Amino acid sequence: MKVICSTKDIASAVGAASKVVNAHTTVPILSNVLLQAEDGKVSVRATDLELTLEQGFAAEVAEPGSVTVPAKLFSTYLANLAAGTMELSGTATRASVKCGKSNYDFHALPADEYPPLPAVARGSHFTINGKRLRDGIEATIFAASNEEARGAVLMGTLFEIDGTALTMVATDGYRLAKFQTTLEDGISGSERYIVPSRALSEAARNLSAGETIAVSALGPQSNQLQMTAGDAAITVRLVDGQYPNYQQVIPAKFDRSVKVNTSALIGCLRRAELVAGDRASMVKLAISGQTLVVTASSDVSGTAYEEIEVEQTGEDLTIAFNARYLVDILNHVKTPQTAIEFLGPLSPAAIRPAEPVEGGEQLYVLMPLRQ
Amino acid sequence: MSGDLTFDVIGAQGPRRFFQALTRDTIAHAYLFTGPGGTGKKTFARRLAQALLCRAPGAGTAGYDGTCDSCRLFSAGEDTRNPDFIEHTGVMKIGDPDKPLGFYEGDDLTSRDLVRNLSLQSYLGGMRVLLLGDVSFATPESANALLKILEEPPAGLVMLMTTSAPDRLLETIRSRAIDVRFPSLAPAEIREILIRRGFDEERAALGATLGGGSATRAMAALDEEEESLRSQVAAWFFSAAAGGDAPEQSWATRETLAEGLEIVKTLARDWVALGVAGEGVRLSAPDYGTQLRDLAPMESRAAVAMLASLDEAQRIARSNVPPSLVGEMVRMAITRVA
């Protein structure tokens, strides 16, 4: 392999891919980055065998080929180079850099020993607007479980694709987040993937929102999901398992509802939660006569009472929630008004933006607490 | 195509036939390889893993082609590994529940790491093999963490565990895996293994006799051989048998006397056997064959007397007599016949 490239381009690509490299790996080649040069482009890849990051950059490729170099060493070296051009050549055991009057040889490992990614599975390729995907990720992954003991399935986010419709769902059993949007290019038929949430937050950070993101399933059993935007790609191993039937926890109909100022309610809940103390952060919401009364109390801290005016439909109701969960949800409602629907004090409540939001439809379901 | 497949193990004919009768579809999800240490259980498990993950047509329990993408990662050595083959040797710990999330394969793979890894799909899209060599668990919790995998294994997972002490495993683990017994290796098999590991013919033959059915023990014995008691005793023995001038009895100490006497007896018996039965007799210490043949053959009466004196020396050695005295007694018994 032999390429001539800008030191800045290669430094930022190697730096970006290296983030995923695990310093404590027992497999030496996994502490390396793989550089592959072909067709005027170099792609840099690193993996911890769960998440794979790829970052490409344009370069003059004099001789196509690939090389693997220790990620930390190489990225630190590149970060310390002055702006300019450099020549990188690689063999199975050596990567050599010529830059101005300096020459460096790095020990390499054979590129064909780097774990390959599986091939693209047929018929499961779709594209989505970058902003929509990012909105969806932000709107859902916070609700996924972070308790390993509850299993990897609930720690993931469900991607349900049916034609051009994408539904993203995350739940930890107490709350559920759902985001529905449309794809640019859909698939024929339907697919379900459970994507580890960690990979999605990485995707939201790394893939630029301005572009179209191409998503492909890799491997014969849709083992990995690859999200590509421009020169960057994130590939993640999917969770093996069945996602629970989330439709079951969303009540089919509600008999009363309120419309409330989002930020006012967040303020009330945050203050009341301070008093609720350790009783699962329990706050009571009493709705009556176009007024919402938030109360909380504990033996240790005292009592709280707050009143907000709301638009009420249906009968009066008193219901209790975990304040923290409710605040988490309201923080993801971007409209000034929030609609909350109820079906009695012991059924889950549905929370959504009061006005439609461009790009996607959000729905949250929260289990009430027993009073 | 299956003509091009190999399954490179020495010995283990029984396990070989057992797995050949299975396919990727009929193979169970957990096996426990039992048998003495050094009989090739882990090697067999690695080959089986390579075969199950091989991408060549027809590959499976029958063997692997050695050249596909997957096989290349197996044969490349220590620097890499197949992402769908997880190997851990020794004690499994439960792992730290407070460890930050994210796929983490630290210096020490834990039960929690494993559970997490196995909750994801396979990396390359095929089967997955987990090898727990010399399996043992630090705590019952670390074993119980794996029970769920054993009870509801993810599709396409084969878990291979090896142990020379199956009784030490929790019954809950044992009962969920199929026992596959590995017999001791024959000397010829050990010889072949040693030759493949780069030992020359002569050393390999020696290792095969010293190994006692275990390749690991054979290699350990060869490593120590140079410095070993056996070579010290042998040097002393031949010097004494040549009637030399009272060689130093460095082996006759309180700690090594009993073992040293056994070695003297082995050599003495070989010497007698050569005298009585002549060439073609099977020696217990073939590596010293040349030197033994150089010794003068003895009369049978002298031979009986020497062996009797050695027995007597062994008896005295168990008493409070100074070891050097016992050594001297043995030297006299030997030089008398010589």
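Author: In this predicted model, Arg176(B) counts as partly exposed, because its relative accessibility is 29% and that class lies between the limits of 20% and 50%. The residue belongs to the loop that runs between helix 6 (171–174) and strand 5 (178–181) of chain B. Its side chain turns to the backbone of chain B, reaching the backbone oxygen of Thr172(B) at 2.8 Å. Beyond its neighbours within four places in sequence, Arg176(B) is in contact with His29(B) and Ala30(B), and also with Leu147(B), Leu150(B) and Glu151(B). A further relation across the sequence concerns Leu32(B): 144 residues separate it from Arg176(B) along the chain, yet the two C-alpha atoms are 9.1 Å apart.

The assignment gives domain 1 as residues 13–181, domain 2 as 186–222 and domain 3 as 227–335. Between the centres of domain 1 of chain B and domain 3 of chain B, taken over C-alpha atoms, the separation is 49 Å.

Ala12(B) is placed in the segment before helix 1 (13–20) of chain B. Its phi is positive, about 50°, although Ala12(B) is not a glycine. Most residues other than glycine have a negative phi. Ala12(B) counts as buried, because its relative accessibility is 10%, and the limit for that class is under 20%.

Gln290(A) sits in the loop between strand 19 (282–288) and strand 20 (291–298) of chain A. With a relative accessible area of 38%, Gln290(A) is partly exposed.

Thr167(A) is part of strand 12 (residues 165–171) of chain A. Its relative accessible area is 9%, so Thr167(A) is buried. Residues up to four places away in sequence aside, Thr167(A) touches Leu158(A), Phe159(A) and Glu160(A), together with Lys178(A), Phe179(A), Gln180(A) and Tyr246(A).

The two chains also meet each other. The contact draws 35 residues from chain A and 29 residues from chain B. The area buried between chain A and chain B is about 3000 Å², and carbon and sulfur atoms give 51% of that area. On the side of chain A, Glu113(A), Arg237(A) and Asp240(A) lose the most area to chain B, together accounting for 22% of what that side buries. Asp240(A) also forms a salt bridge with Arg128(B), in which the closest N and O atoms are 3.6 Å apart. Across the interface of chain A and chain B there are 2 salt bridges, and 10 residue pairs are in polar contact, both residues being at pLDDT 80 or more. By class, the side of chain A that touches chain B comprises 16 nonpolar, 11 polar and 8 charged residues.

Within chain A, the domain assignment gives domain 1 (2–113), domain 2 (122–247) and domain 3 (250–366). The centres of domain 1 of chain A and domain 2 of chain A, taken over C-alpha atoms, are separated by 29 Å. Their contact takes 12 residues from domain 1 of chain A and 13 residues from domain 2 of chain A. About 1100 Å² is buried between domain 1 of chain A and domain 2 of chain A, with 39% of it given by carbon and sulfur atoms. Of the area that domain 1 of chain A buries against domain 2 of chain A, Glu50(A), Leu51(A) and Glu54(A) supply 47%, more than any other three residues.

Polar and charged pairs also link these two domains. The count between domain 1 of chain A and domain 2 of chain A is 3 salt bridges, and 8 residue pairs are in polar contact across that interface, both at pLDDT 80 or more. Strand 4 (residues 51–58) of chain A contributes 6 residues, the largest share of the side of domain 1 of chain A that touches domain 2 of chain A. The residues on that side of domain 1 of chain A divide into 4 nonpolar, 3 polar and 5 charged. Elsewhere in the listing of charged pairs, the side chains of Glu202(A) and Lys19(A) meet in a salt bridge at 3.7 Å, N to O.

Methods: Residues are numbered from 1 along each chain as its sequence is written. Chains are lettered from A and ligands numbered from 1 in the order in which they are written. This is a predicted model: local features need pLDDT of at least 70, side-chain atom pairs count only at pLDDT 80 or more; totals for chains, interfaces and linings use all residues. Side-chain values use heavy atoms; hydrogens and water are left out. Domain bounds come from an automatic or database domain assignment. Contact means heavy atoms within 4.5 Å. Buried area is the accessible area (1.4 Å probe) that two parts lose on being put together, summed over both. A salt bridge is a side-chain nitrogen of Lys or Arg within 4 Å of a carboxyl oxygen of Asp or Glu. A polar contact is a pair of N or O atoms within 3.5 Å; within protein, one must be able to donate a hydrogen and the other to accept it, and residues adjacent in sequence count only if both atoms are side-chain atoms. Helices (H or I, at least four residues) and strands (E, at least two) are DSSP runs, numbered from the N terminus. Ala, Val, Leu, Ile, Met, Phe, Trp, Tyr, Cys and Pro count as nonpolar, Asp, Glu, Lys and Arg as charged, and the others, Gly among them, as polar. Buried means under 20% relative accessible area, exposed over 50%, partly exposed in between (1.4 Å probe, protein chains only).
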